[in-house]
Amino acid sequence: MGSPVAELFAEHGASVALVGRNENDLTAVAERIEESGGSAHIVPADLTDPTAGASVVDSAASRLGGVDILVNNAGGAWPR
């Protein structure tokens, strides 16, 4: 769900920050967005780490000049 939403926002002129654990996957999505004329910033992070959220927001805000919309699509750990 995350990449199609990011691509749609970018298609309509938004600069997007892509967050996920797999940097290769993020890079592939960012390349598609940029090839279509959009702007994408990747932030590799594991949001199951309680400290990761703050650094993700800081990175996105400093690179993009702020965050106007958040689409939260983080999976969670399975209960054990």
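## Contact of α1 with α2

In this predicted model, S3, A6, E7 and A10 of α1 meet V29, R32 and I33 of α2 (contact: heavy atoms within 4.5 Å). Helices are DSSP runs of H or I, at least four residues, and strands are runs of E, at least two, numbered from the N terminus. The contact residues divide into four nonpolar, one polar and two charged. Ala, Val, Leu, Ile, Met, Phe, Trp, Tyr, Cys and Pro count as nonpolar; Asp, Glu, Lys and Arg count as charged; the others, Gly among them, are polar.

## Helix geometry

The axes of α1 and α2 lie 10 Å apart, at an angle of about 25°. Axes are lines fitted to C-alpha atoms, for helices over the stretch in contact, and angles run from 0 to 180 degrees between N-to-C directions. The two helices are therefore roughly parallel (angles under 35 degrees).

## Largest pocket

The largest pocket holds about 1200 Å³ of space. Its 38 lining residues include A17, L18, V19, L70 and V71, the closest to its centre. A pocket is an open set of points on a 1 Å grid over the protein atoms alone, where a 1.4 Å probe fits, with protein on both sides within 12 Å along at least five of seven lines; lining residues have an atom within 4 Å of a point. Points join across faces, edges and corners, and the volume is the space filled by probe spheres set on them.

β1 gives the largest share of the lining, six residues. The lining divides into 22 nonpolar, twelve polar and four charged residues.

## Basis

Residues are numbered from 1 along each chain as its sequence is written, and side-chain values use heavy atoms, without hydrogens and water. Local features need pLDDT of at least 70, side-chain atom pairs count only at pLDDT 80 or more, and totals for chains, interfaces and linings use all residues.

Conventions. Parallel < 35°, antiparallel > 145°, perpendicular 65-115°, else oblique.
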